[in-house]
Amino acid sequence: MAEQKIKQDIPIGENIRRIRQAQKIGQTELVRRLQLEGVEMTREALVKLERGTQHIRASQLRGLRDALGTTYDELLEESL
């Protein structure tokens with residue numbers, strides 16, 4: 001069975017970028033952390049996720065939560 005993709009009706013990508021930049025983590029470093037945890041992600045895929053042009057998989061969301069030391073609530077927070 002294919003892994004569930006999460007449609008980006010909410011600004012997940014913007015939240016990922018905001019959290020990543022607040023922690024002063026580069027895209028390449030974040031992708032390296034994800035890959036070390038066994039999460040399939042390339043820098044190009046991260047760029048597309050942050051731009052909102054690619055759907056995020058549940059495993060990627062979980063990996064980003066762990067790599068950024070944040071919560072699902074913060075990643076899925078809607079813009080004001």
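Which residues are buried in helix H1 (residues 12-22)? The legends below take up this and related points in a predicted model.

**View 1. The buried residues of helix H1.** In helix H1, which covers residues 12-22, the buried positions are Ile12, Gly13, Asn15, Ile16, Ile19 and Arg20. When the helix is viewed down its axis, these buried residues of H1 fall within an arc of 160°, so they line one face of the helix. Just after H1 comes lysine 24, whose phi is positive, at about 55°.

**View 2. The two sides of helix H2.** Helix H2 spans residues 27-36, and its buried residues are Gln27, Leu30, Val31 and Leu34. Seen down the axis of H2, these buried residues fall within an arc of 100°, so they too line one face of their helix. That buried set packs against H1, H3 and H4, whereas the face of H2 turned away from its buried side carries Thr28 and Leu36, which are exposed. Just after H2, glycine 38 adopts a positive phi of about 85°.

**View 3. The packing of helices H2 and H4.** Helix H4 consists of residues 58-68, and its axis lies 10 Å from that of H2, the two helices packing at an angle of about 115°. H2 and H4 are therefore roughly perpendicular to each other, and their crossing is right-handed. On the H2 side the contact is made by Leu30, Arg33 and Leu34, and on the H4 side by Gly63, Leu64, Ala67 and Leu68. Of the H2 residues in this contact, Leu30 and Leu34 also belong to the buried set of that helix.

**View 4. Threonine 42 in the loop between H2 and H3.** Threonine 42 sits in the loop that lies between helix H2 (27-36) and helix H3 (43-51). Its relative accessibility is 40%, and threonine 42 therefore counts as partly exposed.

**View 5. The protein chain as the setting for the close-ups.** The protein chain contains five helices and two strands, which follow one another along the sequence in the pattern β-α-α-α-β-α-α. Of its 80 residues, 38% are buried, and the accessible surface of the chain comes to about 5,200 Å², with 47% of that area belonging to carbon and sulfur atoms. Among contacts between residues at least 6 apart in sequence, 62% join residues that are at least 24 apart.

Conventions: Residues are numbered from 1 along each chain as its sequence is written. This is a predicted model: local features need pLDDT of at least 70, side-chain atom pairs count only at pLDDT 80 or more; totals for chains, interfaces and linings use all residues. Side-chain values use heavy atoms; hydrogens and water are left out. Helices (H or I, at least four residues) and strands (E, at least two) are DSSP runs, numbered from the N terminus. Buried means under 20% relative accessible area, exposed over 50%, partly exposed in between (1.4 Å probe, protein chains only). Contact means heavy atoms within 4.5 Å. Accessible areas come from the Shrake-Rupley method with a 1.4 Å probe; for residues, only the protein chains shown count as cover. The arc is that of the directions from the helix axis to the C-beta atoms. Axes are lines fitted to C-alpha atoms, for helices over the stretch in contact, and angles run from 0 to 180 degrees between N-to-C directions. Angles under 35 degrees count as roughly parallel, over 145 as roughly antiparallel, 65 to 115 as roughly perpendicular and the rest as oblique. A crossing is left-handed if the near helix is turned anticlockwise from the far one by less than a right angle, and right-handed if clockwise.
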